[in-house]
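I opened the notebook today to go through one chain and write down what I looked up, entry by entry.

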Amino acid sequence: MDIDAWVWWLVAAVGLGIPLVITAMPELGMLSVGAVAGAVTAGLGFGVVAQVVVFAAVSVALIAVVRPIAARHSAQRPQLATGVDALRGRQAVVLERVDGDGGRIKLAGEIWSARALDASRAFEPGEQVDVVEIDGATAVVM
């Protein structure tokens, strides 16, 4: 029984696709797409050299184009801050005197314990303060 070359290329594509799912390495997916391109080339009747050249060209092109785009997207921070990250930089109102030892503020509609970033500074009730960071359950303000 003689198996056509395009079948071997599809077997190679599946063989590269299985480790892609297991290891989550996108490069294997790009090689798998290259193997499918080799199968198409074989199905159109081109020779082995053309099949290998198409496989290599498609695989290298995908890796050269898609990898930098994927790296750029994975390095970007999310556009929407959530949780305590969303509270940094917000303004709050002092409810009880805030100094280096502590106090209370109203932040985002909730009452938070707070302390001053500069321990020598004190904020009186009614003053607006800026939240610099969240340290556990305490807002550090200035």
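I began with L10 and found this residue in helix α1 of what is a predicted model.

Next I asked which residues make the nonpolar surface patch of about 560 Å². I listed W6, L10, V36, V40, L44 and F46 as the residues that make this patch, and I noted that α1 and α2 are the elements that give two or more residues to it.

I moved on to M25, which I placed in the loop between α1 (5-23) and α2 (26-43).

I then turned to the UniProt record, an unreviewed entry, which lists residues 6-22 and 52-70 under "transmembrane region". For residues 6-22 I noted 100% helix and 0% strand, with the end C-alpha atoms 25 Å apart; for residues 52-70 I noted 100% helix and 0% strand, with the end C-alpha atoms 26 Å apart.

My last entry concerns residues 84-141, which UniProt, again in an unreviewed entry, lists as "domain: NfeD-like C-terminal". I recorded 0% helix and 50% strand over residues 84-141, and the end C-alpha atoms of this span lie 14 Å apart.

Key: Residues are numbered from 1 along each chain as its sequence is written. This is a predicted model: local features need pLDDT of at least 70, side-chain atom pairs count only at pLDDT 80 or more; totals for chains, interfaces and linings use all residues. Side-chain values use heavy atoms; hydrogens and water are left out. UniProt positions are given in the numbering used here, feature names are shortened, and annotations may be inferred rather than shown by experiment. Helices (H or I, at least four residues) and strands (E, at least two) are DSSP runs, numbered from the N terminus. Patches are made of residues with over 30% relative accessible area and no salt bridge: like charges are joined within 9 Å, nonpolar side chains (Val, Leu, Ile, Met, Phe, Trp, Tyr) within 5 Å. Accessible areas come from the Shrake-Rupley method with a 1.4 Å probe; for residues, only the protein chains shown count as cover. A salt bridge is a side-chain nitrogen of Lys or Arg within 4 Å of a carboxyl oxygen of Asp or Glu.
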